[in-house]
Amino acid sequence: MKAAKFKYIRPSSLDEAINLLSDFGEEARILAGGQSLLPTLNMRLSQPKVLIDINRLDELQGISHEGKHIRIGALTRHVDIAESDLITENIPLISEAIEYVAHVAVRNRGTFGGSVALADPAAEMPACTLALQGTLVVEGPNGRRQIRADDFFHDLYETARAPEEILVEVQLPIRRSGESFAFMELSRRKGDYAMAGLACKATFQDNRFLSVRLVYFGTELKPTLGENVMSQLEGREWSETLAEKVIASLEDDLDPVDNLQGSAAMKLHLQKVLTKRTLAEVVQRLGNV
Amino acid sequence: MAYDFLDIKLIVNGEQVSARVPARMHLVDFLRMELELTGSHLGCEHGICGACSVRVDGVVVRGCLVLAAQCDGSDVLTIEGLSESKEVVDLQNTFVERNAMQCGFCTPGMLMTAAELLAKNDKMARNEIREFMSGNFCRCTGYHAIIDAIEITMEARREEERS
Ligand SMILES: Cc1cc2nc3c(=O)[nH]c(=O)nc-3n(C[C@H](O)[C@H](O)[C@H](O)COP(=O)(O)OP(=O)(O)OC[C@H]3O[C@@H](n4cnc5c(N)ncnc54)[C@H](O)[C@@H]3O)c2cc1C
Ligand code: FES
Ligand code: FES
C-alpha cells in the first residue's frame, strides 16, 4: 500500500529539529532510518501529518570512547555498529547481538537510536541496553536529560522519552574484568524478529555469581528483567541443580503474550531452555577470558 | 516550513536527474513512474520481500523504505545501471546457467543484494551466503539455485584472482 499524505522537512541542526517537534506536537514523527516507521505508514497503521528527517544531523552520528563508557550517536546505523572495533572490544554483548538484527538492506539504513526509541518488544538493542544498564540521553525544548535504561522502557512501545524529545545518544559502560556476557535468540529465519531471546551480563567472584542481569525479549510487552532468577543466582556457584531451580522461578518473572510467533506456553518453554543455555555459556566464557 | 512537494537533484545510474516529488513518494515509485526504470519491483511495500532492493550511496537498501525526497543529493543505482556497468555480468550468466529464476520477479532484488555480497570479496560458506540473502524472498525457485549461482560466481572470482 501507499502511505497517506504527509509533509516532509529536513532540519539542518538538532535545535531546529527540536523546535519543529515541539511546534508540530503529536502530528509529527521523527524519521531516522525509516525501517520501522515507513512500513507502518505504508500500511496506514499510522498517519502522522509531518515527518522530520534527522538523517543529516551530524550531532547524532558516531561511536566514541568517553571515559568509562562508549557513546553511540542515535543515528549510528546497524551496519556501523556491526563493523565497529570500539564496540567489539569494549561492549561484546552488542557486537554479538547486532548480528541478529534484520537483513543487510535494513541494516544499512536502520539506526541504533531508532531501535531503542521505538522499543519494539522483540528487538535486540533495547534488551542489551537494559542488560548493560546504559544511559539514554534525550534532548527537548527544556534541554538535555539522562535517563537510566532501568527507567526507560515503560510498556508496549512506551518509553520515558517525552513526545517533544529526541533521543540523542546512548552511553554504554565499557566491560570490566570479571564480567562475562552472552546473548541468545530463537527466530524462524536469521534476521527476523525474535520468538524468544535473552541478553545476559554476569559478574563473578571466585567462580560465584556476584551479580547477574538477565533481560528477556520477544515474549513480553517490553524488554523484561528476570528478577527472581537473578536474585536466586547471586552468591552461588553454577551447577545443574541450580539451573533447574532458577528455571522454575522464571515462571514468576515472565508472562508471555500469545501471538503469531507462538503460544504463551511455548514461549515460556523456549525462554527456560534459553536461560539454561545462556547461563552455562556465560560461565564457560568466563573461564576463557 | 514543511513541504508537500520537494525539488530534488540526484544521480540515477550515472545521470543527473532533477524532479519535483510528492513528500510521500518512495524511491521505487519515483524510479518506476517518473523515470520509467521498471526493473526495481514492488512486492510488499513494507520491507519484507526485498524485490525493491536498490543501491543508494554505495549500499543496498529497501527502495520502498526510503523516500524519494530523502535521496536529494544521493547516488542511486538500479538493476538497469548495475547491468549496464557489467559489475555482475558473471553472476547474471550463472543465474541463467543454474536456472536461478523462474518468473523473475525477485531477480533484480536478488542481484542487487548479491552484488553487495560479491563486492565484499570474502570467502563465505554456503550457510553464510544464505544468511546474507535471507532478506530477499523468492516464491518460485526454492532458493537452492540462487545460492548455487552466487556460490559458483564467488568461487570463480576467487579462482580468477589466484591465477
Ligand atoms: C524486514 C525487517 C526486519 C527487521 N528485523 C528486525 C530485527 O530482527 N530486530 C530489530 O531490532 N529490528 C528489526 N527491524 C527494524 C529495524 O531494526 C529498524 O531499523 C529499527 O527498529 C528502527 O530504527 P530506524 O532508524 O529505522 O527508525 P525509524 O523507522 O525511522 O523510527 C522508528 C520510530 O522511532 C522514532 N525515532 C527514531 N529515531 C528517533 C530518535 N533519535 N529520537 C526520537 N524518536 C526517534 C520514530 O519517530 C519512529 O516512531 C526490521 C525491519 C524490517 C523492515
Ligand atoms: S517491496 Fe520493498 S521490501 Fe517488499
Ligand atoms: S523467480 Fe519468481 S519470485 Fe523468484
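What span should the 14 residues of helix H4 (residues 107–120) of chain B have at 1.5 Å a residue, and how far apart are its end C-alpha atoms? The first legend takes up the answer.

This is a predicted model, in which local features need pLDDT of at least 70 and side-chain atom pairs count only at pLDDT 80 or more, while totals for chains, interfaces and linings use all residues; side-chain values use heavy atoms, without hydrogens and water. Residues are numbered from 1 along each chain as its sequence is written, with chains lettered from A and ligands numbered from 1 in the order in which they are written.

**View 1. Helix H4 of chain B, from end to end.** The helix should span 20 Å, and its end C-alpha atoms are 20 Å apart, which agrees. The expected span is 1.5 Å times one less than the number of residues. Helices here are DSSP runs of H or I with at least four residues, strands are runs of E with at least two, and both are numbered from the N terminus. Of the 14 residues of H4(B), 12 are buried, so the helix is largely enclosed by the rest of the structure. Buried means under 20% relative accessible area, exposed means over 50%, and partly exposed lies in between (1.4 Å probe, protein chains only). Among the buried residues are B:Thr107, B:Pro108, B:Met112 and B:Glu116. After the helix comes B:Asn121, with a positive phi near 55 degrees.

**View 2. H4(B) packed against helix H6 (residues 144–162) of chain B.** The two helices pack at an angle of about 35 degrees, and their axes are 11 Å apart. Axes are lines fitted to C-alpha atoms, for helices over the stretch in contact, and angles run from 0 to 180 degrees between N-to-C directions. From H4(B), the contact uses B:Met110, B:Ala114, B:Leu117 and B:Leu118, and from H6(B) it uses B:Ile146, B:Ile150, B:Thr153, B:Met154 and B:Arg157. Contact means heavy atoms within 4.5 Å.

**View 3. B:Ala145 and B:Asn99.** Have a look at B:Ala145, found in helix H6 of chain B. At 14% relative accessibility, this alanine counts as buried. Not counting residues up to four places away in sequence, B:Ala145 touches B:Arg98, B:Asn99 and B:Ala100. B:Asn99 itself sits in the loop between helix H3 (89–97) and H4 of chain B, and is exposed, with a relative accessible area of 53%. Although not a glycine, B:Asn99 has a positive phi of about 60 degrees. Most residues other than glycine have a negative phi.

**View 4. B:Cys140, in the loop between helix H5 (126–132) and H6 of chain B.** Its relative accessibility of 32% makes B:Cys140 partly exposed. Leaving aside neighbours within four places in sequence, B:Cys140 is in contact with B:Gln102 and B:Cys103. B:Asp72 is 68 residues from B:Cys140 in sequence and 36 Å from it in space, C-alpha to C-alpha.

**View 5. The loop at B:Asp57, between strand S3 (53–56) and strand S4 (59–62) of chain B.** B:Asp57 is not a glycine, yet its phi is positive, about 50 degrees. With a relative accessible area of 48%, B:Asp57 is partly exposed.

**View 6. Domain 1 (5–82) and domain 2 (86–162) of chain B.** These bounds come from an automatic or database domain assignment. The C-alpha centres of the two domains lie 22 Å apart. Where they meet, 19 residues of domain 1 are in contact with 15 residues of domain 2.
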